[in-house]
Amino acid sequence: MERFICIHGHFYQPPRENPWLEQIEIQDSAYPYHDWNERVSVECYAPNSASRLLDGEGRIKEIVNNYSRISFNFGPTLLSWMEAHAPEVYAAILAADKQSVEARSGHGNALAQAYNHLIMPLANSRDKRTQVLWAIRDFTRRFRRPPEGMWLPETAVDVETLDILAECGIRFTVLAPHQAARTRKIGEEEWVDANGGQIDPSQAYLCPLPSGRALTLFFYDGPIARAVAFEGLLGSGRDFVNRLVAGFSDVREGAQLVTIATDGESYGHHHKFGDMALAYALNAIESGGETKLTNYGEYLEQNPPLREVQIYENTSWSCVHGIERWRSNCGCNSGGNPAWNQEWRAPLREALDRLRDELSPRYEEKAKQYMRDPWMARDGYIDVIIDRSEGAREEFFGRHATRSLTESEKIAVLKLMELQRHAMLMYTSCGWFFGELSGIETVQILCYAGRVVQLALELFGVDLEAPFKEGLAEARSNQDGRRDGAHVYEELVGPSRVDLERVTAHYAISSLLGGYDETAGIYCYSVRKEDYGSMQSGAAKLALGRVEVTSQITLESDTVIFCALHLGGHVFNGGLRKFSDPGTYQSMKQEVIATFEQGEIAGMIRLMDNHFGMHTYSLIHLFRDEQRKILNLVIDEVLEQFEHASRPLFEDNRTLMAFLGEAGMPTPEPFCAAAAFILNRDLKKAFSKETPDIEKIKGILSEIGRWEVPLDSVSAEFMLRSRGEEMIAALSRTPAEFSLLSALHLFMELLPSLPVEVNLWKIQNLYYKMAQTVYGDFSSRAIARGAEAARWVELFRAIGEKLSFSKEVTSPAG
């Protein structure tokens with residue numbers, strides 16, 4: 001009897017990009033990382049691309065890519081982010097799939113996923129089809145092969161969705177066991193009830209569809225998957241293996257498949273070191289010889305379905321009530337506050353449905369003016385989303401337009417396509433998954449809706465915001481301060497909204513603290529200088545000019561004139577308006593310069609009011625990351641003043657603080673606060689130096705311990721990690737530079753004395769790579785009695801010891 005194991009990881013994050021900027025802005029809740037994608041990537045996606053196998057003493061003996069031995073899917077929007085912001089992890093994922101194609105009889109481990117994770121049974125037929133087609137095209141572009149299988153978001157399923165998958169060439173999908181209704185042997189009449197998860201998950205099933213098509217379904221082992229996700233099974237790799245193997249039965253005949261499916265984030269983000277438990281299990285299974293690792297495509301080729309299955313429609317893996325979690329107060333939520341309810345879910349979905357349905361006929365009517373088939377054009381727009389180049393746009397127009405389009409018509413078409421893109425993004429499932437209307441996931445889908453409303457006004461001249469907000473007002477927040485969906489929309493979506501004028505305001509104000517090139521990229525916009533000048537008078541600084549601002553998404557463009565004033569600190573004033581004619585612009589420019597040169601700040605403010613009226617901006621209008629950067633500069637100046645005032649308080653009272661300690665008297669809080677501030681600041685400065693003074697750092701840490709002041713451990717860990725990664729990266733580029741090796745050795749010797757546990761993952765990765773490459777050359781030279789090489793080998797091995805590597809990694813055979 002053949003035994004197979006297939007572990008599937010559904011790796012997914014909701015799209016988090018600001019819809020107007022096409023980039024994720026800083027998310028403070030993900031600190032110390034920039035945003036949640038980055039944080040989860042560091043905690044899960046990256047570790048699984050280079051997971052540790054340990055020897056009997058708990059030291060690293062090998063680093064492996066888990067993705068090469070499991071079935072997996074990544075959401076297309078997450079892969080798009082990863083391609084730009086985590087390219088090494090992205091490359092490892094693609095490489096793993098390529099490796100699996102070679103190892104698994106031509107079948108890759110990667111599955112596609114419905115594009116932006118909307119709940120398919122709640123989508124209309126058009127949206128279902130586009131989600132599948134976009135997913136296939138995105139997958140094919142990344143993995144260089146068509147997908148065999150597709151993951152359905154939340155495994156939410158209905159027959160129509162399965163039929164669309166089959167029609168589009170998808171061979172299989174994976175469902176939860178409780179989604180199977182009944183089964184029978186192919187060719188027989190009698191059905192066997194599978195209600196309550198009774199289905200045998202050890203084989204594949206054929207699902208006949210009303211259209212005459214069929215799709216293969218796999219059902220994962222529910223109890224084992226639940227143990228992985230929620231019951232702590234990943235606390236022990238050995239227990240994980242035993243539980244998987246226990247899934248086989250001697251009673252069954254023929255080949256058996258034990259398969260589980262969970263959120264991929266279980267392996268690292270939800271359960272720390274879960275990636276290592278997975279790596280251990282995969283290695284133990286593969287080396288055991290009795291059971292074979294496989295993926296769904298390979299298993300299906302070798303073991304075609306012998307039974308048919310019918311499903312329970314409108315069901316999912318994460319809601320015991322079917323798909324109610326995404327449209328009603330069913331009781332399923334993320335926990336945390338038992339007093340909250342989710343009555344807001346229904347009016348939220350209803351408001352979005354009305355918005356979508358109001359716009360669909362308007363879209364179709366207008367798009368027909370330019371496109372042969374508006375909905376086929378939308379299906380094909382994925383090629384532009386994937387590649388925003390001029391060539392890709394022109395190819396799209398050539399394929400779908402009824403004729404050669406003017407520039408303004410191209411802009412209209414792109415806006416129409418973007419309206420439809422955001423009208424699907426606003427249904428991303430996470431908007432309903434959690435407990436509160438004002439959570440970041442729900443605000444995110446409201447931002448997409450806000451972009452839809454804005455584009456509708458520009459395209460059709462119809463303002464749908466008022467009726468949309470009226471519908472949102474029926475969605476009540478659990479937090480008194482947030483009131484309802486309309487208030488959340490006004491307070492949390494409004495500040496994110498962007499137009500060409502706001503891009504200009506960002507450019508104008510930020511230019512006061514750092515110059516731009518002739519053409520600058522600001523997120524998905526380009527800003528071209530037509531005229532620019534700046535000057536300073538005392539603490540005040542002025543910038544004024546004329547720029548052409550262009551959206552790289554819709555190609556919409558405008559020329560805007562601006563004037564920006566920095567009065568010091570966080571006080572910025574800016575004004576702008578559309579360019580009308582050169583004479584008016586030159587007159588404004590001369591008047592402003594003359595007034596500024598006379599030092600008449602009050603006059604400047606009046607002039608800006610006169611020339612720009614209500615079109616005025618301040619630091620609050622900058623995009624969040626640049627705003628944070630400027631505020632940090634302002635804060636640093638203030639902190640310098642704090643340091644100047646606090647250092648004497650600390651330095652001049654060391655003796656008194658020591659005596660108070662000897663006398664058993666508590667140190668006054670102001671003394672402790674001064675010590676904590678100065679010592680943490682000194683530590684940050686010490687690590688910021690190009691060549692850190694290790695002895696000085698040790699002295700500062702000794703002082704921190706002596707005075708028992710709190711260490712800013714999060715910042716300290718981040719600084720230490722970054723410094724260590726910089727040092728080993730420099731060494732990997734020039735390994736023969738002995739001073740770099742020596743400095744890294746001193747750094748590693750310092751770490752055990754620190755009251756901070758440093759994440760050494762990336763440092764270990766680079767070390768392991770060096771051990772597999774350049775180490776052998778130095779080791780050979782050392783054997784040939786090369787004194788310098790011998791010293792290099794000695795220090796390199798010592799660093800490996802500190803990094804918890806097994807000696808076999810740097811043994812002659814390693």
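**Figure 1. Gly-575 and Thr-616 stand opposite each other, the latter in strand E20.** This is a predicted model, in which local features need pLDDT of at least 70 and side-chain atom pairs count only at pLDDT 80 or more, whereas totals for chains, interfaces and linings use all residues. Residues are numbered from 1 along each chain as its sequence is written, and side-chain values use heavy atoms, with hydrogens and water left out. Strand E19 (residues 572-578) and E20 pair in the antiparallel sense over two bridges; two strands pair if DSSP finds at least two bridges between them. Helices (H or I, at least four residues) and strands (E, at least two) are DSSP runs, numbered from the N terminus.

**Figure 2. Strand E14 lies within an open sheet of mixed pairing.** The six strands of this sheet follow the order E7-E11-E10-E14-E8-E9. Strands E7 (172-175) and E9 (192-193) form the edges, each pairing on one side only. Strand E10 (residues 205-208) runs parallel to E14 (residues 307-311) and is joined to it by two bridges; here Tyr-205 stands opposite Arg-307 of E14. Strand E8 (residues 180-185) pairs with E14 in the antiparallel sense over five bridges, and Arg-184 stands opposite Glu-308 of E14. Four of the five residues of E14 are buried, so this strand is largely enclosed by the rest of the structure. Buried means under 20% relative accessible area, exposed over 50%, and partly exposed in between (1.4 Å probe, protein chains only).

**Figure 3. Strand E12 pairs with strand E1 in the parallel sense.** Eight bridges connect E1 (residues 3-11) with E12, and the bridge partner of Ile-7 is Ile-260 in E12. Seven of the eight residues of E12 (residues 256-263) are buried, so the strand is largely enclosed by the rest of the structure.

**Figure 4. Gly-264 is placed in the loop between E12 and helix H8 (274-288).** Gly-264 is buried, with a relative accessible area of 0%. Leaving aside neighbours within four places in sequence, Gly-264 is in contact (heavy atoms within 4.5 Å) with Gly-9, His-10, Phe-11 and Cys-44. Gly-264 and Asp-275 are eleven residues apart in sequence, and their C-alpha atoms are 9.5 Å apart in space.

**Figure 5. The buried residues of helix H17 (residues 465-472) are Glu-465, Phe-468, Gly-471 and Leu-472.** Seen down the axis of H17, these residues fall within an arc of 125°, so they line one face of the helix. The arc is that of the directions from the helix axis to the C-beta atoms. The face turned away from the buried side of H17 carries the exposed residues Ala-466 and Glu-470. The cover over the buried residues of H17 includes helices H10 (345-367), H16 (440-460) and H18 (485-493).

**Figure 6. The largest cavity holds about 90 Å³ of space.** On a 1 Å grid over the protein atoms alone, a cavity is a set of points where a 1.4 Å probe fits but cannot get out, and lining residues have an atom within 4 Å of a point. Grid points are joined across faces, edges and corners, and a volume is the space filled by probe spheres set on the points. The structure holds seven cavities of 30 Å³ or more. Among the residues lining the largest cavity are Asn-124, Arg-126, Asp-127, Trp-375 and Met-424. Helices H4 (125-143), H10, H11 (374-380) and H14 (407-425) are the elements that give two or more residues to this lining. H14 gives the most, with four residues. The lining of the largest cavity has five nonpolar, three polar and four charged residues. Ala, Val, Leu, Ile, Met, Phe, Trp, Tyr, Cys and Pro count as nonpolar, Asp, Glu, Lys and Arg as charged, and the others, Gly among them, as polar.

**Figure 7. The second largest cavity holds about 70 Å³ of space.** Its lining includes Phe-74, Pro-76, Leu-111, Phe-139 and Arg-142. Helix H2 (76-85), strand E5 (110-113) and H4 each supply at least two residues of this lining. H4 gives the most, with five residues. By class, the lining of the second largest cavity divides into eight nonpolar, one polar and two charged residues.

Notes. On a 1 Å grid over the protein atoms alone, a cavity is a set of points where a 1.4 Å probe fits but cannot get out, and a pocket is an open set with protein on both sides within 12 Å along at least five of seven lines; lining residues have an atom within 4 Å of a point.
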